[in-house]
Amino acid sequence: MLEINNLQATVADKPILKGLSLTINAGEIHAIMGPNGAGKSTLGYTLGGRPGYEVTGGSATFNGQDLFELAPHERAAAGLFLGFQYPVEIPGVSFVQFLRESANAQRKSRGEAPLSGGEFLKLAREKAGLLRMDMDMLKRPVNVGFSGGEKKRAEMVQMGILDPKLAILDETDSGLDIDALRVCGEGINAIMRKSDKAVLLITHYQRLLDYVKPDFVHVLAAGRIVKSGGADLALRLEEEGYEAVVQETAA
Amino acid sequence: MTLELTLPTRKDEDFRYSDIEALRSVWPIVTEEIEVAADAEGALEIVETGAGAVARHVAITLGKGAKFDLRVLTAGPAYGRIAVDVKLGEDADFTLGAAQLATGSETLEVVTQVTHAGLNATSAQIIRTVLAGASVGTYLGRIAVERGADGTDAEQSVRAMLLERTATANARPELEIYADDVKAAHGCAVGELDAQGLFYLMSRGLTPPQAKRLMLQAFIAEAFTGAPGEETLSEAALARLEAIL
Ligand SMILES: Nc1ncnc2c1ncn2[C@@H]1O[C@H](COP(=O)(O)OP(=O)(O)OP(=O)(O)O)[C@@H](O)[C@H]1O
Ligand SMILES: [Mg+2]
């Protein structure tokens with residue numbers, strides 16, 4: 001589904017990703033862990049096409065398409081979803097309006113008929129329910145006045161509505177309370193654990209992985225994947241820390 | 001010939017950013033007088049969406065306890081000037097919500113003179129300007145609080161959004177206060193659309209013009225909030241926005 005090969009990227013002329021390679025197949029759930037400042041969010045933003053994140057080398061192929069040839073909205077329409085570490089507040093624009101237009105923009109570019117107001121609301125209500133989010137919150141301006149955890153939950157509602165093929169979820173677990181973590185974990189499974197979909201979870205802690213069992217765990221340090229393993233790698237990292245595990249690789 | 005009939009020049013403070021050549025084509029401007037009696041209420045919508053030059057001057061006098069709601073949408077004219085003089089008596093209340101949308105080489109301006117002449121009157125002005133191309137958008141807003149007009153509350157919120165670096169926004173709020181216990185909050189900002197917000201919207205599938213339009217709709221809506229004709233004003237603004245983007 002996604003094949004990243006020797007990716008190099010800079011932010012403000014500073015090299016952050018330094019030859020990162022990763023292959024994600026349909027049906028797989030991958031987790032990326034790694035120290036602060038390693039480049040995890042940079043990877044997500046670079047794949048999403050955020051302005052200011054410049055690809056200086058390597059490639060990323062998404063379902064046969066060169067990802068970097070596409071504008072951000074085209075990547076979304078192709079089935080890429082980016083769950084933000086810090087979701088952005090947009091005053092004056094309601095979630096309902098924003099998401100309905102987004103869903104229909106994606107559908108249009110795929111040659112599908114737009115959702116009517118009623119169809120959209122039904123879909124939104126169903127996904128909000130799945131994430132146990134009060135539908136009234138979706139009538140409010142995008143993320144404005146939402147608590148940290150509510151913003152993350154709203155990201156998952158958006159994912160449910162937009163129904164992507166690949167979700168890159170940047171620290172979706174941070175800011176969630178214990179119950180919300182379970183609800184979001186179950187939500188990710190319900191929406192994304194399918195044979196034709198895939199997930200890349202960026203996280204610092206094992207706790208989300210208790211609910212969303214990864215098939216592969218990778219350690220990203222200094223702009224590269226320095227170690228990969230199965231679900232047990234996350235447990236070892238939690239016990240021993242990055243330094244010990246990463247050094248063992250270098251040795 | 002009276003002074004009023006002489007075409008102004010850019011040396012005139014109130015015309016310093018005007019398109020004088022375009023102004024000539026609609027000169028002289030006939031003042032539209034509006035008087036609102038004590039405790040009465042009035043409202044006016046000025047919607048200029050044609051392409052030709054237009055210049056209007058409205059003079060409003062508010063009696064004791066009178067209320068007036070004025071909304072302005074200038075979106076289309078090559079040159080559009082809306083000048084408003086308001087005189088508020090005791091306890092009077094004046095609201096102005098104005099949006100100007102321009103592109104190309106259009107020049108739009110809102111020029112206000114709000115005079116608080118009596119005790120405890122309130123005025124609130126919200127001006128939102130969206131400028132694309134090499135257009136020019138101006139707000140000149142003078143607030144005068146006369147001697148004895150204690151307890152005045154006069155607000156100005158002025159914001160302009162530049163869609164291109166080639167556009168120009170001028171904003172000049174002015175205050176002359178000769179009374180006590182006066183509240184005069186004013187905010188004035190010229191900016192560009194928030195790049196982070198735009199990326200967030202586009203990452204969900206909105207095209208760049210759709211994302212911009214959504215953010216600008218919200219920006220303009222602030223000028224029409226609570227207006228009797230809020231919906232039609234917003235729709236007219238949206239039509240122009242879509243043409244500009
Ligand atoms: N605009 C910028 N200018 C300069 N450096 C930047 C900029 N944005 C990010 N960086 C740097 O890029 C590096 C990688 O940042 P990134 O956000 O990808 O880290 P991360 O792995 O997601 O960290 P965390 O676990 O704290 O979220 C950091 O050293 C950061 O300071
Ligand atoms: Mg990060």
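**Reading a two-chain model with its ligands**

Tutor: Let's start with D13(A), which counts as exposed because its relative accessibility is 70%. Exposed means over 50% relative accessible area, buried means under 20%, and partly exposed lies in between (1.4 Å probe, protein chains only).

Student: Before we go on, what kind of model is this?

Tutor: This is a predicted model, in which local features need pLDDT of at least 70, side-chain atom pairs count only at pLDDT 80 or more, and totals for chains, interfaces and linings use all residues. Residues are numbered from 1 along each chain as its sequence is written, chains are lettered from A and ligands numbered from 1 in the order in which they are written, and side-chain values use heavy atoms, leaving out hydrogens and water.

Student: Thanks! Back to D13(A): where does it lie?

Tutor: Helices (H or I, at least four residues) and strands (E, at least two) are DSSP runs, numbered from the N terminus. D13(A) sits in the loop between strand 1 and strand 2 of chain A. Its phi is near 65°, a positive value in a residue other than glycine. A12(A) is in the loop between strand 1 (2–11) and strand 2 of chain A. A12(A) is not a glycine either, yet has a positive phi of about 50°, and at 69% relative accessibility it counts as exposed.

Student: Now the ligand. Which residues come nearest to ligand 1?

Tutor: A residue is near a molecule if one of its heavy atoms lies within 4 Å of it. There are 15 residues around ligand 1, and those that come nearest are G37(A), K40(A), S41(A), T42(A) and H204(A). By type, the shell divides into 5 nonpolar, 7 polar and 3 charged residues. Here Ala, Val, Leu, Ile, Met, Phe, Trp, Tyr, Cys and Pro count as nonpolar, Asp, Glu, Lys and Arg as charged, and the others, Gly among them, as polar.

Student: Which element gives the largest share of the shell around ligand 1?

Tutor: Helix 1 of chain A, with 3 residues. Strand 2 (14–24) and helix 1 (40–48) of chain A each supply at least two residues of that shell.

Student: Is helix 1 of chain A mostly covered or mostly open?

Tutor: Mostly covered, with 9 of its 9 residues buried. Among them are K40(A), S41(A) and T42(A). Just after the helix, G49(A) takes a positive phi of about 90°.

Student: How do I read the polar contacts of ligand 1?

Tutor: Look for a pair of N or O atoms within 3.5 Å. A polar side-chain atom of T42(A) is 2.5 Å from an oxygen atom of ligand 1. For H204(A), an N or O atom in the side chain is 2.8 Å from a ligand oxygen, while S41(A) uses a polar backbone atom at 2.9 Å. The protein covers 65% of the 640 Å² of accessible area that ligand 1 has on its own, with areas from the Shrake-Rupley method and a 1.4 Å probe.

Student: What coordinates the magnesium ion, ligand 2?

Tutor: Donors are N, O and S atoms within 2.8 Å of the metal (3.2 Å for Na, K and Ca), and sites may look incomplete because water is not among the atoms. The magnesium ion is coordinated by S41(A) through OG and Q85(A) through OE1, at 2.0 to 2.2 Å. This pair links distant parts of the chain, 44 residues apart: S41(A) in helix 1, and Q85(A) in the loop between strand 6 (80–83) and strand 7 (90–94) of chain A. S41(A) counts as buried at 17% relative accessibility, as does Q85(A) at 13%.

Student: What about chain B?

Tutor: R71(B) pairs with D69(B), the closest N and O atoms being 2.7 Å apart. R71(B) is buried at 5% relative accessibility, and D69(B) is buried at 16%. Elsewhere, salt bridges that share partners join E101(A), R213(B) and E242(B) into one network.

Student: Which peptide bond is cis, with omega near 0°?

Tutor: The one from W27(B) to P28(B). You will find P28(B) in the loop between helix 1 (20–26) and strand 1 (31–36) of chain B.

Technical notes. A polar contact is a pair of N or O atoms within 3.5 Å; within protein, one must be able to donate a hydrogen and the other to accept it, and residues adjacent in sequence count only if both atoms are side-chain atoms. A salt bridge is a side-chain nitrogen of Lys or Arg within 4 Å of a carboxyl oxygen of Asp or Glu.
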